[in-house]
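Subject: Structure handover and findings

Hello,

I am passing on a structure that you have not worked with before. Please look it over first, then read the notes under it.

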Amino acid sequence: AALGCASAPPRAPAPTPAPAPRRPPAVSPSAPAGAPSALDTLLRDDLAEDHAFPWSATRPLTWRDFQGAPATEGSEGAMTSYTLYSAWKCRGETFEFRVIAGFRPRQSWVKAVVLNDSVQRRTVLSHEQTHFDLAEVHARRMRRTFGSLARPCAKSDAELSALARRL
């Protein structure tokens, strides 16, 4: 989702569609212990393809992260773009789910007027960080919901995708 920073509601769809939740092919049972799971690799690849990075409590946003071209119209001083990257798989009745809140630098931007004002520079960045923090809250909500599903492996990809979209 892309979020602006004005009193208007957020724009409907993100400028670039979010990757669809997907199920990767089954991982070989001979995969070495401690190796990243297929889901972790899939999501890491999705983040890299989108030039995004995951939310982290130890890595706050900086203005250098906002690499997109600012809008020429509108009152927003900055815009944060993020996507919730998700994937799942079943091995028998064992369900594995991952979701990552990813910041999208190339679609996020800041106007020079914000950067040139010391008060706005600090307060607007804090505001944008809050948008990204809320994306992580949403990712945690998805983890909790998917983790509590009854018999998720009995559900189709379409049913799981619909649930992910509704959350």
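The notes below go from the whole chain to single residues.

This is a predicted model, in which local features need pLDDT of at least 70 and side-chain atom pairs count only at pLDDT 80 or more, while totals for chains, interfaces and linings use all residues. Residues are numbered from 1 along each chain as its sequence is written, and side-chain values use heavy atoms, with hydrogens and water left out.

Overall layout

The chain has four helices and five strands. Helices (H or I, at least four residues) and strands (E, at least two) are DSSP runs, numbered from the N terminus. Along the sequence their pattern is β-α-β-β-β-β-α-α-α. The chain has 167 residues, of which 41% count as buried; buried means under 20% relative accessible area, exposed over 50%, and partly exposed in between (1.4 Å probe, protein chains only). Among contacts (heavy atoms within 4.5 Å) with a separation of 6 or more, 73% join residues 24 or more positions apart.

The cores

A nonpolar core is a set of buried Ala, Val, Leu, Ile, Met, Phe, Trp, Tyr and Cys residues joined through side-chain atoms within 4.5 Å. The largest one has 27 residues, and the members that touch the most others are Trp 63, Phe 132, Met 142 and Phe 146. At least two residues of this core come from each of E3, E4, H3 and H4. H3 gives the largest share, seven residues.

What does Trp 63 touch, not counting residues up to four places away in sequence? Its contacts are Ala 78, Val 110, Val 114, Leu 115, Arg 121, Val 124, Leu 125 and Glu 128.

Helix H4

H4 covers residues 157-166, and Leu 160, Ser 161, Leu 163 and Ala 164 are buried in it. Viewed down the helix axis, the buried residues of H4 fall within an arc of 160°, so they line one face; the arc is that of the directions from the helix axis to the C-beta atoms. An α-helix has 3.6 residues a turn, so residues three or four places apart point the same way. The buried residues of H4 pack against strand E3 (78-91), strand E4 (94-103) and helix H3 (118-147). Ala 158, Arg 165 and Arg 166, on the other side of H4, are exposed.

Aromatic rings

Rings of Phe, Tyr and Trp (its six-membered ring) pair if their centres lie within 6.5 Å; planes under 30 degrees apart count as stacked, over 60 as edge-to-face and the rest as tilted. By this rule there are 10 aromatic pairs. In one of them, Phe 95 and Phe 97, the ring centres are 6.5 Å apart and the planes are at 15°, so the pair is stacked. Phe 95 is buried at 18% relative accessible area, and Phe 97 is buried at 13%.

One aromatic cluster consists of Phe 53, Trp 63, Phe 66, Phe 103 and Phe 132. Arg 59 lies over the face of Phe 53, 4.2 Å from the ring centre. A charge sits over a ring if NZ of Lys or CZ of Arg is within 6 Å of the ring centre and within 35 degrees of the ring normal.

Single residues

Thr 94 is in strand E4 and is exposed, at 55% relative accessibility. Thr 94 touches Lys 89 and Cys 153, leaving out residues up to four places away in sequence. Its C-alpha atom is 8.7 Å from that of Pro 152, which is 58 residues away along the chain.

Most residues other than glycine have a negative phi, and most peptide bonds are trans. His 51 has a positive phi, near 55°. This residue is in the loop between helix H1 (38-49) and E2, and is partly exposed at 41% relative accessibility. Arg 151 also has a positive phi, near 50°. Arg 151 lies in the loop between H3 and H4 and is exposed, with a relative accessible area of 59%.

Regards
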